[in-house]
Amino acid sequence: MPSENPSTSRKYAADPALGARPPAASFHLDGPTRRLDPRVHAYRRDIADVALAGTLFAPHYAAPMPSMAGSIAMMCNAAGRDAEAVSQILPGEEFAILDLAGGWAWGFSRQDHYVGYVDSSLLVPVIAPTHRVHVRDALLFAGPSIKSPMRGRLPFGARIAGDMQDGFLATDTGFIHARHVAPVDEHVNDPVAVAELLIGSPYLWGGRGGDGIDCSGLVQVALAACGIEAPRDTDMQRETLGTELADKAPLRRGDMISFPGHIGLMVDEHRLIHANAYWMSVVIEPLADVVARLAPHHDRPILSRRRLKP
């Protein structure tokens with residue numbers, strides 16, 4: 001998620017409402033301590049995800065309560081309007097709530113298990129999606145006609161539930177043209193082509209396509225459209241996706257290039273597509289230009305070159 005900019009790196013308690021406390025043996029801690037990453041393991045001093053019981057001691061454990069984003073929802077590192085954004089939940093994506101206080105929900109995204117705080121007013125009950133937006137912006141009309149008043153728009157990757165009527169997907173909030181959506185389980189084969197749909201989108205720290213996007217967000221949503229699950233941050237993607245290429249191996253379309261705190265996809269042997277804070281946009285530019293900008297600040301401008309497909 002961090003940008004190319006070198007100046008940035010990137011209950012379950014004895015609560016009557018939840019039922020009796022499970023047997024103590026259910027929370028027996030045994031064996032060596034496992035290092036937990038707070039970005040993807042939900043725990044605080046006062047509470048933790050019940051899935052961590054047996055691994056981590058906490059005063060209270062919470063069973064996740066399902067919800068989903070009713071609109072674009074930024075995920076922050078703390079509860080508050082001025083807190084730093086860490087990720088984003090797109091409309092129709094699920095968010096597991098572990099705690100609710102002061103108008104903020106703390107929990108994790110069901111898409112990548114990323115942990116953070118979300119404005120609880122943006123969360124709604126879960127409805128199983130039937131379709132997803134597969135264009136950069138899908139317009140939401142008041143009726144099944146392009147001449148109907150526009151009620152809003154949905155970003156690439158948003159998930160919606162509805163039925164097809166006269167060439168439009170009819171939803172609870174409006175009508176979306178059939179050309180702007182695809183069945184939720186239908187995938188494409190070229191993540192670069194997906195990323196290219198978002199060329200010109202503004203760079204937004206923590207963004208995943210709603211109002212803007214960051215570098216690892218671009219890689220994540222592009223791969224998701226191809227049915228490939230990817231973690232949220234640049235270091236996670238570098239460590240878990242694809243296979244390492246030899247230093248002299250020619251690059252090809254779809255190869256993933258990792259830099260210090262940054263990541264992108266090769267369009268061809270020489271050009272990279274990436275969301276970056278230098279241009280404040282999703283752009284395609286020569287890989288050599290990116291390396292030249294980073295070289296004065298890093299001994300190793302390129303950390304890895306990985307191939308996502310054999």
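The structure is a predicted model, so local features need pLDDT of at least 70, side-chain atom pairs count only at pLDDT 80 or more, and totals for chains, interfaces and linings use all residues. Residues are numbered from 1 along each chain as its sequence is written, and side-chain values use heavy atoms, with hydrogens and water left out.

The nonpolar cores make a handy starting point. A nonpolar core here is a set of buried Ala, Val, Leu, Ile, Met, Phe, Trp, Tyr and Cys residues joined through side-chain atoms within 4.5 Å. Buried means under 20% relative accessible area, exposed means over 50%, and partly exposed is in between (1.4 Å probe, protein chains only). The largest core holds 24 residues, and Ile213, Leu218 and Leu265 touch the most other members. Two or more residues each come from helix H1 (191-197), helix H2 (215-224), strand E20 (262-266) and strand E21 (271-276). Helices (H or I, at least four residues) and strands (E, at least two) are DSSP runs, numbered from the N terminus. H2 gives the largest share of this core, with 6 residues. Contact means heavy atoms within 4.5 Å. Setting aside neighbours within four places in sequence, the contacts of Ile213 include Leu198, Tyr203, Leu218, Val221 and Val282. There is also a second, separate core of 13 residues, with Ala73, Val86, Ala105 and Val118 among them.

Next come the rings. Rings of Phe, Tyr and Trp (its six-membered ring) pair if their centres lie within 6.5 Å; planes under 30 degrees apart count as stacked, over 60 as edge-to-face and the rest as tilted. This rule gives 2 aromatic pairs. In one of them, Phe141 and Phe168 sit edge-to-face, 6.3 Å centre to centre with 85° between the planes. Phe141 belongs to strand E11 (residues 137-141) and Phe168 to strand E15 (residues 168-170), so this pair ties together parts that are 27 residues apart in sequence. Both Phe141 and Phe168 are buried. Tyr278 and Trp279 make an edge-to-face pair too, at 4.9 Å centre to centre and 90° between the planes. Trp279 is partly exposed, at 47% relative accessibility.

A charge sits over a ring if NZ of Lys or CZ of Arg is within 6 Å of the ring centre and within 35 degrees of the ring normal. Arg44 lies over the face of Trp106, 4.5 Å from the ring centre, and Arg293 lies over the face of Tyr278, 4.0 Å from the ring centre.

Arg293 leads on to the salt bridges. A salt bridge is a side-chain nitrogen of Lys or Arg within 4 Å of a carboxyl oxygen of Asp or Glu. The structure has 14 of them. Arg293 forms a salt bridge with Glu285, their closest N and O atoms being 2.7 Å apart. Arg293 is buried at 18% relative accessible area, and Glu285 is buried at 7%.

Glu93 is buried, at 5% relative accessible area, and Arg208 is buried, at 5% relative accessibility.

Arg132, in strand E10 (residues 131-133), is buried yet has no salt bridge, and the nearest side chain of opposite charge, Glu186, is 6.0 Å away.

Most residues other than glycine have a negative phi. Asp211, not a glycine, has a positive phi of about 75°; Asp211 lies in the loop between H1 and H2 and is exposed at 64% relative accessibility. Met280 is not a glycine either, and has a positive phi of about 55°. Met280 lies in the loop between E21 and strand E22 (281-286) and counts as partly exposed at 45% relative accessibility.

Technical notes: Lys and Arg count as positive and Asp and Glu as negative; His and the chain ends are not counted.
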